[in-house]
Amino acid sequence: MFAGENGLQGDPRLKAISDAIRVVPHFPKPGIMFQDITTLLLDHKAFKDTVDIFVDRYRDMDISVVAGVEARGFLFGPSIALAIGAKFVPLRKPKKLPGEVISEKYVLEYGNDCLEMHVGDVNHGERAIIIDDLVATGGTLSAAITLLERVGAEVVECACVIGLPEFKGKCRLNGKPLYILVEPRQ
Amino acid sequence: MSAFRDQDPRIHGIQTKIRVVPDFPREGIMFQDITTLLLDPKAFKDTIDLFVERYKGENISVVAGIEARGFIFGPPIALAIGAKFVPLRKPKKLPGEVIKEEYVLEYGSDCLEMHVGAVSAGERALVVDDLIATGGTLRAAMNLLERAGAEVVECACVIELPDLKLFRSLIDSDSDYLDLAGS
């Protein structure tokens, strides 16, 4: 679901957040209109509003784990975790985490990739949210959901700053709800 | 300079949360793993608070964080002190026009990039990373910011390794570095 359809109708912060995102055409390949959130990070008020919207949503949901997908999930996740009193768990590309890990493969347009999480980071029964900057196909988020469920956590929601319009309404990913702030800019 | 080491009671709590992983990524390296610090909300918050207390009111408008672990500590500091956050990334990750700075590794070299236009001349900046070892990456980060005309006020790291061969070269520039917890 989109924040603007669900509780934040007409909230001016959402427009400011959208306006702060820069579109870079043909990156990383021709035809892709890349949604660049680095310009959002340069706008202190819009960046703070982004974090605050997620914090307001999750602070009373008894969430003890905020998992962030490397690397842009690291830009938003820790601030949310700190504000709601949860731990932050980085989900990383292979061979970055130094300790014992569990891995989950996922499919890319060409080939596969893999997401890893440290064993012991998350306990059975913990309530978790997953953060990334953008959801497109949902492949990476699906792998993240699977990692958390494999250790017995309950994934309450996936939260993204940007999401394709197909995720409007009650659309779910692996049965999990999504919460998205804005659509991609043209 | 380990400014807080013997003074603030929160430091000990932070230090005990960092996990050492032997022989990662190669034999002989005692890797300082901060992910265990992130699992302790109080210790993680104390880490950020210590930096925020130091830099709030210093008129810093830029917090630059080095990919990827600098992305974990930098944004909460930036948000708390009213600064913008600028990610410094490995090659080909930033989508817009970039400036690049090469730096030397033990074997070979690597490169750090920053978006053109992220930082304006005269801005006061902080560089944040989880750990300072040789200082090579931090030196590259400082160069990027200085090339854009910013003044690097300080480099802030959670951990300092004791064998700091480049200590002198960091101090010889006009910038200082600050760490919270020696290993």
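Colleague: Which residues does Arg172(A) touch, leaving aside those up to four places away in sequence?

Modeller: This is a predicted model, and contact here means heavy atoms within 4.5 Å. Leaving aside residues up to four places away in sequence, Arg172(A) touches Pro177(A) and Leu178(A). Arg172(A) belongs to strand β9 of chain A, residues 172–173.

Colleague: How should I read a helix that has buried residues? Which residues of helix α1 of chain A are buried?

Modeller: A residue counts as buried when its relative accessible area is under 20%. In α1(A), which spans residues 12–19, the buried residues are Leu14(A), Ile17(A) and Ser18(A). Viewed down the helix axis, they fall within an arc of 100°, so they line one face of α1(A). Pro12(A) and Lys15(A), on the other side, are exposed.

Colleague: Against what do the buried residues of α1(A) pack?

Modeller: They pack against the helices α2 (38–41) and α3 (44–58) and the strands β8 (154–163) and β10 (176–182), all of chain A.

Colleague: How is the packing of two helices described? At what angle do the axes of α1(A) and α3(A) cross?

Modeller: One considers the distance between the axes and the angle at which they cross. The axes of α1(A) and α3(A) come within 9 Å and cross at roughly 130°. The helix α1(A) is therefore oblique to α3(A). Their crossing is left-handed. On the α1(A) side, the contact is made by Arg13(A), Leu14(A), Ala16(A) and Ile17(A), while the residues from α3(A) include Lys45(A), Asp49(A) and Ile53(A). By class, this contact has five nonpolar, one polar and five charged residues.

Colleague: Is the crossing of α3(B) and α4(B) left-handed or right-handed?

Modeller: The crossing of α3(B) and α4(B) is right-handed. Helix α3 (residues 41–55) and helix α4 (residues 70–81) of chain B pack at about 50°, with their axes 9 Å apart. These two helices are therefore oblique to each other. Among the residues that meet are Phe44(B), Ile48(B) and Phe51(B) from α3(B), and Ile72(B), Phe73(B) and Ile77(B) from α4(B). The residues of this contact divide into 11 nonpolar, one polar and no charged.

Colleague: What can be said of chain B as a whole, and where is Ile159(B) placed?

Modeller: Chain B has six helices and nine strands. Of its 183 residues, 56% are buried. Ile159(B) is in strand β8 of chain B, residues 151–160, and is buried, with a relative accessible area of 0%.

Colleague: Where do cis peptide bonds occur here?

Modeller: Most peptide bonds are trans, and most residues other than glycine have a negative phi. In chain A, the bond from Phe27(A) to Pro28(A) is cis, with omega near -5°. Pro28(A) is in the loop between β1 (22–25) and β2 (33–36) of chain A. In chain B, the bond from Glu67(B) to Ala68(B) is cis, with omega near -10°. Ala68(B) is in the loop between β3 (62–66) and α4 of chain B.

Colleague: What is the phi of Asp62(A), and what is that of Asp23(B)?

Modeller: Phi of Asp62(A) is near 60°, a positive value in a residue other than glycine. Asp62(A) lies in the loop between α3 and β3 (65–69) of chain A and counts as exposed, at 62% relative accessibility. Asp23(B), which is not a glycine either, has a positive phi of about 60°. Asp23(B) is in the loop between β1 (19–22) and β2 (30–33) of chain B and, at 43% relative accessibility, counts as partly exposed.

Note on methods:
Residues numbered from 1 in each chain as written. Chains lettered and ligands numbered in written order. Predicted model: local features only at pLDDT ≥ 70, side-chain atom pairs only at ≥ 80, totals over all residues. Heavy atoms only, no water. Buried < 20%, exposed > 50% of the residue type's maximum accessible area, 1.4 Å probe, protein only. Helix = DSSP H or I, 4+ residues; strand = E, 2+ residues; numbered from the N terminus. Arc of directions from axis to C-beta. Axes fitted to C-alpha atoms, helices over the stretch in contact; angles between N-to-C directions. Parallel < 35°, antiparallel > 145°, perpendicular 65-115°, else oblique. Left-handed = near helix turned anticlockwise from the far one by under 90°. Nonpolar A, V, L, I, M, F, W, Y, C, P; charged D, E, K, R; others polar.
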